[in-house]
Amino acid sequence: MTTDVIDHLVGIAPGDALDTLRNQRPNARTNAQTSFDALLHSDELEHVSQLERLAIAYWTIALSQSPATSFYRDLLAAEDEAAAAALATALPGALTTGPYGDYPDGPLSVENVAGLRWEPDAALVASVGPRLAAALAHTHLLVYRPRDSSEDALQALLDSGWSTTGIVTLSQLVAFLNFQLRVVAGLTVLKGEL
Amino acid sequence: MSEHVIRHTFEAPNAFTQAQLGWEAWLEPLPVDELTERHYDGLVDKGRANNPYFRLLVRDPEILGARTRTDNDIFYNEKGGLPRALRELSAASASRTNGCIFCASVHSRFAAHHSKRPDDVQRLLDDGTAAAQEDPQWRAVIDASVALTKTPGEFSAANVRELREAGLDDLAIVDAIHGAAFFNWANRLMLSLGEPTPPKES
C-alpha cells in the first residue's frame, strides 16, 4: 500500500499547500499511515481477523458520519459484501450524536448526558455472529460515549471470545480511526480556506 | 474458556484536576519478562515498560509504536507552529469534552506549566470548555478542539477564521487539528482499558 490514506481522503496532491504543511510534521504524517497499515494490513490476524478489522473500521467511520464512510464501506464490501450490507442495514438505528455518557458519582454527575445504549439486534447477530456483534457494540460505546467504558464492557468482549490482545487491537483500531477521521475533517475544512 | 478483567477496589477520582494521578489497567499488561526486541521497539522509550498502560498496549507493538511516534511529533516537534502550551490546551480541551479525567489531568498540568496560567486552565477544568477565556488564541484553540471532538464533527470554516484572526498561521492550525484529533485517539484508550487512581498524598 503506497497511497497515503489521509491525502487520498482530503484530496492532497504532491506540491499542494497542505502537502507542504503536512511535511512539516513528517513523523506524524508517516506514522498516521503506518498506523493504518498496522491495523488494516497486518500480517498477524490471530487475535482479530481481517473481516473483523474491516467491519469495525467501517462501523467506526459510519457511526461518526464521516465523509470517509464510502472509502471504508468499499474496503469492507471487497472483503465481504454480505457483512457490508448487514452493517449498512443496521446503521440508521445506531446513529446518534456524541460524546455523551456518565461520570463517576460526584461533582461531575450534573454533567451526565443520557443517550442511546445501542445493542445489535437478532438479525445483525445472526448475520455477523456473536463475536463480531459484541465488537460492534463496543465500537458504538467507544465512538459515542467513551466515558461510559467499564470493566463490564471488557468482560462482555472476553465472554464473546475476544482475547486480551485482541481487545487491545480492537481498541486501537477504533481509537486510531477517531484520530484519522478528525485529521481528515480538519484538513478538509482548512483546504477550503487556504 | 474466557479470561477475566481486573477489578480494582480503590475509589477512582470523580472530578477534573491538575493533580498527578496514576492509572491502572482492567486487562493484564504483558509481563515484563515476556518483552522482546519487537515489544521494546513498540514502546519506543524503554522506560515505558514500567507503565501499565504502555505495557498493556504493547500486546500489539506495531500500532503502539506508530501511535507513540505520531504523538511525539504532534506535541514535541518545535519547528514553528502552535506554541507548546496551546498544543497541550488542545489536548486538555478534547479530554474535557470526552470526559477523560486522567488525560485532562496530565495535559491541563502541562498547559499550565508551559503557559504559566494555571488559573485559566483550572477554569477550563472546573467550568468546562465554554468557560470564559480572555486570550483569543486560547478561545480559538478550545473552540476548535471542542468542535473537532463532537460526533458528527462540527469543525468549520468559522473555526479556521477564528484561529487566523487570533494570529495563528496555517501550521499552527494544523497543529491544533492534530492535537485535538490525537486526543480523540488517546482518550478512548485511557477511558476504556482502565481507570485513574487517586492522587498521591502530598
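Analyst: A crossing counts as left-handed if the near helix is turned anticlockwise from the far one by less than a right angle, and right-handed if clockwise. Helices (H or I, at least four residues) and strands (E, at least two) are DSSP runs, numbered from the N terminus. This is a predicted model, where local features need pLDDT of at least 70, side-chain atom pairs count only at pLDDT 80 or more, and totals for chains, interfaces and linings use all residues. Residues are numbered from 1 along each chain as its sequence is written, while chains are lettered from A and ligands numbered from 1 in the order in which they are written.

User: Which hand does the crossing of helix 3 of chain A and helix 10 of chain A have?

Analyst: That crossing is left-handed. The axes of helix 3 (residues 26-40) and helix 10 (residues 164-193) of chain A come within 11 Å and cross at roughly 145 degrees. Axes here are lines fitted to C-alpha atoms, for helices over the stretch in contact, and angles run from 0 to 180 degrees between N-to-C directions.

User: What makes the contact between helix 3 of chain A and helix 10 of chain A?

Analyst: Helix 3 of chain A brings A:Ala32, A:Ser35, A:Phe36 and A:Leu39, and helix 10 of chain A brings A:Gln172, A:Leu173, A:Phe176, A:Gln180 and A:Val183. Being in contact takes C-beta atoms, placed from the backbone, within 7 Å.

User: What makes helix 5 of chain B "mostly covered"?

Analyst: 11 of its 15 residues are buried. Buried means 20 or more other C-beta atoms within 10 Å of a residue's own (exposed is 12 or fewer, partly exposed in between), with C-beta atoms placed from the backbone. Among the buried ones are B:Phe102, B:Cys103 and B:His107. The buried residues pack against strand 1, helix 4, helix 6, helix 9 and strand 2 of chain B.

User: How many residues of chain B are in contact with chain A?

Analyst: 56 residues of chain B are in contact with 56 residues of chain A. Helix 9 of chain B gives the largest share of the chain B side, 17 residues.

Conventions:
Two residues are in contact if their C-beta atoms, placed from the backbone, lie within 7 Å.
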